[in-house]
Amino acid sequence: MFPRKLVVCFSLLAMGAPLELLAQRRHTEDRDLLPIDLSKWDCIDQPGGTAKTQNGVERNKGKNRSMVDLSQLRIPAFDTATLLKAVSSFDSQTKGKRREDLSSAQKVQLAAIEKEVISFTGYLVLAYPGPPETTNCGDADFHDWHLEVFENPMNHPPGIGDPTPIICEITPRLQNMFYEQGIKLQDIAGYLRLPDLSHQDNKHPARQVRFTGYVLWDDDHNGSADIGPRVSEKGKNGYHHPWRSTAFEIHPVLKIEVLDGPQPVPVAAQSAAAIPAPPADAAPPAGAPPAPAATVAAAPPVAAPSTPAGPQIATILQPVKVKIPYGETVLPRGTRVEVISRKGAVITVRYLGQDVLVPQASTDLR
């Protein structure tokens, strides 16, 4: 069986679609934040991306802003209600408008708003990788992550009748920083949207998260199909409409703080924890001073109640082809799988109820 992406490409070729169209339709299958090699990204020195208009370049430069020293800033705090109230005046004046439609006074007002770094707290219900965009030079592998953050947690993906979220976005330029901090979107988002628009249930409630970052007005999404208080329909393209409360978003995100549930463990701490401690009866290193003789008998240790260790989980760092009962499939980057056993450079993992073999080098296990 061919992977879904190949089937789509073969179908488009059969219909005579040009290669340019295939490139536009390609979408990443990443399923979480992973390390990326920015030296291989042609867009790293183009904060304006590949936009063709001055307004597009201005918007892209706002999205591609760099990290700043947050400790030197006075950062106002918002939640859904207070953020929507703060931008309501500008939103009411600019319904359906784009940057080129703004008056001189509105442009001055927008410039002041977009200079702000704020914190925004809500529940991360849904996360998904963004499509190729001009802000990232149309590259499917170096993409933003879209985070739909709600005032209250939900026990289902957003759908008809649900309130719309505030959008926060992680950019490729800052992705490695969050990865090193141990941020895993599948651990904090209630649901992950997959390329076929189905949803992966991450098996835990949406976490309450504080996002700190720049305010950005994404006028590409300032129409009635995108903005509204509640989802009213599911479009023919499979997306729900409207899907956001305002064109204002937190973009780029500069800091992520998980306020409830398990806390992220930095990658460096994970690596240190993976180094086994020496056995208690191990000989001291050469040249070490002898241990002092005990003068008081130690009390016998109290046995701690044993807690069964949870299954070891590995994250796929690069796509890997595996054999399954009905043929072959590809595990996308970011897929998290339970480790069953290791043998040399190969590990056995559980995927869709089946035990499959993958190279250890294709995972985050060391």
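Visitor: Which residue of strand 16 is the bridge partner of Ile 347?

Guide: Strands are DSSP runs of E with at least two residues, helices are runs of H or I with at least four residues, and both are numbered from the N terminus. Two strands pair if DSSP finds at least two bridges between them. The bridge partner of Ile 347 in strand 16 is Val 358. Strand 15, residues 346-351, is joined to strand 16 by 6 bridges, and the two run antiparallel. Please note that this is a predicted model, in which local features need pLDDT of at least 70 and side-chain atom pairs count only at pLDDT 80 or more, while totals for chains, interfaces and linings use all residues. Residues are numbered from 1 along each chain as its sequence is written, and side-chain values use heavy atoms, with hydrogens and water left out.

Visitor: In what order do the strands of the open sheet lie?

Guide: The open sheet has 4 strands in the order 11-14-15-16, with antiparallel pairing. Strand 11 (313-315) and strand 16 (354-359) are at the edges; each has a single partner strand, so one side of each lacks a neighbour in the sheet. From one strand to the next the twist averages 50°, where axes are lines fitted to C-alpha atoms, for helices over the stretch in contact, and angles between N-to-C directions run from 0 to 180 degrees.

Visitor: Which residues touch the most other members of the largest nonpolar core?

Guide: In soluble globular proteins, nonpolar side chains tend to be buried together. A nonpolar core is a set of buried Ala, Val, Leu, Ile, Met, Phe, Trp, Tyr and Cys residues joined through side-chain atoms within 4.5 Å. The largest one here holds 39 residues, of which Leu 147, Ile 170, Leu 185, Phe 211 and Ile 256 touch the most other members. Strand 10 supplies the largest share of this core, 6 residues. Another core, of 14 residues, lies apart from it and includes Ala 314, Ile 324, Val 337 and Tyr 351.

Visitor: Where is Thr 80 placed, and is it buried or exposed?

Guide: Thr 80 is in helix 4 and is buried, at 9% relative accessible area. Its contacts (heavy atoms within 4.5 Å), leaving aside neighbours within four places in sequence, are Phe 120, Thr 121, Phe 150, Glu 151 and Ile 166.

Visitor: Which residues are joined by a cis peptide bond, and where is phi positive?

Guide: Most residues other than glycine have a negative phi, and most peptide bonds are trans. A cis bond joins His 241 and Pro 242, with omega about -20°, and another joins His 251 and Pro 252, with omega about 5°. Pro 242 is in the loop between strand 9 (240-241) and strand 10, whereas Pro 252 is in strand 10. Phi is positive at Cys 137, near 60°, and at Leu 197, near 75°.

Terms used. Buried < 20%, exposed > 50% of the residue type's maximum accessible area, 1.4 Å probe, protein only.
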